[in-house]
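Hi everyone, thanks for coming. I'd like to walk you through one model today, going from the whole chain down to single residues.

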Amino acid sequence: MEIIQQVVFVAVLAATVWYIAKRVRLITRAINLGRPENRSDHPDERLKTMLLVAFGQKKMFTNLLVGVMHFVIYAGFLIVNIEVLEIILDGVLGTHRLFAPYITPIYPILIDVFELLAVGVLTVCVIFLCRRFIAKVPRFQQERHREMTRWPRTDAAIILTAEILLMIAFLTWNASDSVLRDRGVGHYAELKGIVPDFLISQFLKPLFSGFNDTGLMVYERTAWWFHILGILSFAVYVTYSKHLHIALGFPNVYFSDLQPKGEMQNMPEITKEVQLALGLPVTTEVGGSQTNDNGEQPPAEIGRFGAKDVQDLKWINLMNAYSCTECGRCTSACPANITGKKLSPRKIMMDTRDRLEEIQQGWKANGYDYKDDKSLLNDYITAEELNACTTCQACVNACPININPLDIILQLRRYRVMEESDAPASWNAMFSNIENNMAPWKFSPSDRFNWADQVNE
């Protein structure tokens, strides 16, 4: 029986690793659709930002209570799953609590900590479910935000419920295991006197007092299998879920923008044209080539102004999309959304990821040369949404993991204005005034200070 369990476990583990590796390759390929951009500068500053924002959850603590709860579920779930290492080795080797005899003094302390955190995770998950479906926090409701359709709401419910069930399985597994040790049943008796009762699960032992030995062993094995299979299933599911941020949050913050908030990057294609017009050496990289010191531009592919589809965005924009937690803090902070306009920074990120997922489905069905006639602009994100953005940076500042929806908005909007000449009339008037009068207003620069003369009069 033990051999059969080992074989089944190894097969399941191998299948999980293979499938996750397959998904990782596909997601990596999708992110690499984006245009290259160097984000390896200032490694010390990037590491510091990652430790503060991703590991330290710095931005979450703008709301202390929510920040503490999120930290509990984040740290607790990660730390509790350290126990998975022992469970996997037990499954592969056919052992039981492999580490206990070798680290006897600290083993109970570790499990006590894991159990305490498990209770914290369980409690916070229940609270988060209540916030979403009973208290109905506005940023999670479809009535207020059209992107919060059935799937995003279901996805959150699945993840939170799964974490609750996994923690219950972990605690009851420990409790049933303790009862079997007390009774001296089979191989469980080998750890009697070595492994004591644990901090939380000891209070669950009365639940199993009416079980006979066989029934108790069945429950213990069922809880063990449920816990590990649940974790392996969770690991696969995460690659399809918004909870992919568990893996991508850290690199996403590391590679986030270091430039001052509010500073917009110039378009290299435009910069090149200006340099050529002014007779300056062309130093801007366009289309993947670099000019030489004499200002001579090697043949290069003509760049597109702005972005129409995900291939025109930068790779970091696409990583942002896969890292988005759909928490809605960006949308809650957006003044355009607050005033009833259709723009939702969260939807911008969700649409970008949905477009990437659509391309992935095409790859799987037709090969990597697959192309369709859809695009991120118009098919997913509308002009009305883009034009509502005031570029105030509120969404960028609000994101807990430094995602930048504004960068995608600007690139799509630049395409509409410069490639399709499809800007609102008021914008075109402003562009003309800036070009001719060096100000957004329609009067001569020589008249700019007439108001001061009128005041003096």
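Before anything else, a word on what I'll call a helix: it's a DSSP run of H or I with at least four residues, and helices are numbered from the N terminus. With that in hand, Gln360 is a residue in helix α13, and we'll come back to it. Please also keep in mind that this is a predicted model.

Okay, the overall picture. How many helices and strands does the protein chain have? There are 19 helices and 0 strands. If you follow the C-alpha trace along its principal axes, the chain spans about 95 × 55 × 40 Å. There are 457 residues, and 45% of them are buried. The accessible surface comes to about 23,500 Å², and carbon and sulfur atoms contribute 62% of that.

What about contacts? Take those with a separation of 6 or more: 73% of them join residues 24 or more positions apart. As for charge, we've got 45 positive and 49 negative ones, and their mean positions sit 5 Å apart.

Now, the UniProt record, which is an unreviewed entry, lists "transmembrane region" at residues 6–21, 64–89, 109–134, 155–173 and 222–240. I checked two of those against the model. Residues 6–21 are 100% helix and 0% strand, with end C-alpha atoms 22 Å apart. Residues 222–240 are 89% helix and 0% strand, and there the end C-alpha atoms lie 27 Å apart.

Let's go to helix α1, residues 2–31. Does its length agree or disagree with what you'd expect at 1.5 Å a residue? Its 30 residues should span 44 Å, and the end C-alpha atoms are 43 Å apart, so the two agree.

Which residues of α1 are buried? The list is Gln5, Gln6, Phe9, Leu13, Thr16, Arg23, Leu26, Ile27, Ala30 and Ile31. Those buried residues pack against four helices: α4 (83–93), α7 (213–238), α10 (315–323) and α13 (345–366).

Setting aside residues up to four places away in sequence, Gln5 touches Arg221 and Trp225.

And here's Gln360 again, over in α13. Is it buried or exposed? Buried, because its relative accessibility is 0%. What does Gln360 touch, not counting residues up to four places away in sequence? The answer is Arg23, Leu26, Ile27, Ala30 and Tyr322. Look back at the buried list for α1, and you'll find Arg23, Leu26, Ile27 and Ala30 there.

Next stop, Leu171 in helix α6, which covers residues 150–183. Leu171 counts as buried because its relative accessibility is 7%. Apart from residues up to four places away in sequence, it touches Glu115, Ala118, Val119, Ile200, Ser201 and Leu204. The C-alpha atoms of Leu171 and Gln202 are 9.2 Å apart, and these two residues are 31 apart along the chain.

His70 belongs to helix α3, residues 64–80. With a relative accessible area of 22%, His70 is partly exposed. Ignoring its neighbours within four places in sequence, it is in contact with Gln57, Met60 and Phe128. Thr271, on the other hand, is 201 residues from His70 along the chain, and their C-alpha atoms are separated by 44 Å.

Last topic: backbone angles. Most residues other than glycine have a negative phi. Glu326 isn't a glycine, yet its phi is positive, about 60°. You'll find Glu326 in the loop between α10 and α11 (329–333). It is buried, with a relative accessible area of 5%.

Asn378 also has a positive phi, near 85°, in a residue other than glycine. Where does Asn378 lie? It's in helix α14, residues 376–379. Is Asn378 buried or partly exposed? Partly exposed, because its relative accessibility is 47%.

Technical notes. Residues are numbered from 1 along each chain as its sequence is written. This is a predicted model: local features need pLDDT of at least 70, side-chain atom pairs count only at pLDDT 80 or more; totals for chains, interfaces and linings use all residues. Side-chain values use heavy atoms; hydrogens and water are left out. UniProt positions are given in the numbering used here, feature names are shortened, and annotations may be inferred rather than shown by experiment. Helices (H or I, at least four residues) and strands (E, at least two) are DSSP runs, numbered from the N terminus. Buried means under 20% relative accessible area, exposed over 50%, partly exposed in between (1.4 Å probe, protein chains only). Contact means heavy atoms within 4.5 Å. Accessible areas come from the Shrake-Rupley method with a 1.4 Å probe; for residues, only the protein chains shown count as cover. Lys and Arg count as positive and Asp and Glu as negative; His and the chain ends are not counted. The place of a charge is taken as NZ of Lys, CZ of Arg, CG of Asp or CD of Glu. The expected span of a helix is 1.5 Å times one less than its number of residues.
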